[in-house]
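The paragraphs below move from local backbone geometry to helix faces, an annotated site and a nonpolar core.

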Amino acid sequence: MASEKILIIDDETEVIDLIKLYLLKDGFQVITATNGSTALELTNSHNPDLIILDVLLPDTNGLELCQNLRKITESPILFLSCKCTDMDKILGLTVGGDDYITKPFSPSELVARINAHLRRNRILTNQTNSADLSILNIAGLTIDFANYTLYVDDKPVVLTVKEFEILSLLSQHPNMVFSLTQLYDHIWGVDNIGDTRTVMVHISNLRKKIEKDPANPKLIVTIKGIGYKLDTTAPES
């Protein structure tokens with residue numbers, strides 16, 4: 001039975017009550033906030049394992065709040081919103097979200113996605129804890145798997161959980177090409193319901209953080225028509 005703690009951030013009490021009902025039934029601990037300031041306080045004090053975040057809040061924009069949450073937590077953030085265009089979803093993933101669910105939504109699907117994200121985090125944590133190699137130096141990057149930290153040219157760089165998972169996978173298989181589907185299945189899980197475009201957004205965000213010229217990437221390179229790889233053969237500039 002689940003025991004993780006979920007933070008629900010939504011200004012609609014009916015939505016909170018509905019989600020809370022399903023999460024409690026599934027064995028989760030639930031804390032709630034109806035505005036951004038309370039959400040930040042609860043995240044600091046309770047360290048939730050996953051956050052459900054509405055885009056429209058009374059005191060702040062959910063996208064801006066997500067960026068602030070990313071400064072204090074690496075837990076998965078699932079957006080919940082009535083905005084349903086592709087651009088809305090891409091924007092949500094770009095600012096640090098791990099998933100984007102549109103209203104009206106199926107509570108059962110929401111719980112399934114929550115379980116999928118938490119399961120992936122548990123697997124990654126177990127793999128990290130049991131790995132013989134805790135720190136990897138590759139292509140100018142220093143990746144500390146045990147502490148989820150990254151250094152680029154000896155300078156710390158903050159990554160979201162999914163960005164770190166993608167980089168970890170690519171770095172442990174240097175010069176090996178992964179398709180979008182393979183990356184999605186490895187990071188989000190084969191049983192998760194989503195879109196492989198999510199991978200493209202996270203790759204783009206990752207490049208902005210580790211590449212000297214994100215528009216002309218030398219580390220995470222695109223193999224046209226196939227996928228992506230971490231290239232360790234290119235000479236350092």
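In which loop does Asn 47 lie? Asn 47 belongs to the loop between helix H2 (36–46) and E3, where helices (H or I, at least four residues) and strands (E, at least two) are DSSP runs numbered from the N terminus. This is a predicted model, in which local features need pLDDT of at least 70 and side-chain atom pairs count only at pLDDT 80 or more, while totals for chains, interfaces and linings use all residues. Residues are numbered from 1 along each chain as its sequence is written, and side-chain values use heavy atoms, with hydrogens and water left out.

Although Asn 47 is not a glycine, its phi is positive, at about 50°. With a relative accessibility of 53%, Asn 47 counts as exposed, given that buried means under 20% relative accessible area, exposed over 50%, and partly exposed in between (1.4 Å probe, protein chains only). A second residue other than glycine with a positive phi is Tyr 148, where the value is near 55°. Tyr 148 sits in the loop between E7 and E8, but at 17% relative accessibility Tyr 148 counts as buried.

The buried residues of H2 are Gly 36, Ala 39, Leu 42 and Thr 43. They cover an arc of only 120° around the axis, which puts them on the same side of H2; the arc is that of the directions from the helix axis to the C-beta atoms. On the other side of H2, Glu 41, Asn 44 and Ser 45 are exposed. The buried residues of H2 pack against strand E1 (5–9), E2, E3 and helix H3 (62–69), with contact meaning heavy atoms within 4.5 Å.

H1 (residues 13–25) has 13 residues and reaches 18 Å from its first C-alpha to its last, close to the 18 Å expected at 1.5 Å a residue, where the expected span is 1.5 Å times one less than the number of residues. Val 15, Ile 16, Ile 19 and Leu 23 are the buried residues of H1. Seen down the axis of H1, these buried residues fall within an arc of 95°, so they line one face of the helix. An α-helix has 3.6 residues a turn, so residues three or four places apart point the same way. Glu 14, Leu 21 and Lys 25, on the other side of H1, are exposed. After H1 comes Gly 27, whose phi is positive, near 95°, and Phe 28 is found in the loop between H1 and strand E2 (29–33), where Phe 28 counts as buried at 3% relative accessibility.

We turn next to the annotations. An unreviewed UniProt entry gives "domain: Response regulatory" for residues 5–118, and such annotations may be inferred rather than shown by experiment, with positions given in the numbering used here and feature names shortened. Over residues 5–118 the chain is 46% helix and 21% strand, and the end C-alpha atoms are 10 Å apart. The unreviewed UniProt entry also carries the annotation "modified residue: 4-aspartylphosphate", which covers Asp 54. Asp 54 lies in strand E3 (residues 50–54) and is buried, with a relative accessible area of 4%. Not counting residues up to four places away in sequence, Asp 54 touches Ile 9, Asp 10, Asp 11, Gly 62, Leu 80, Ser 81 and Lys 103. Lys 103 is joined to Pro 104 by a cis peptide bond, with omega about -5°, and Pro 104 lies in the loop between strand E5 (99–102) and helix H5 (107–130).

The last stop is the nonpolar core, a set of buried Ala, Val, Leu, Ile, Met, Phe, Trp, Tyr and Cys residues joined through side-chain atoms within 4.5 Å. The largest one has 29 residues, and those with the most contacts inside it include Leu 141, Leu 167 and Ile 210. Elements that give two or more residues to this core include strand E7 (141–144), strand E8 (149–152), helix H6 (161–171) and helix H8 (197–210), and H6 gives the most, with six residues. Ile 210 touches Leu 141, Leu 150, Val 152, Leu 167, Leu 219 and Ile 220, not counting residues up to four places away in sequence.
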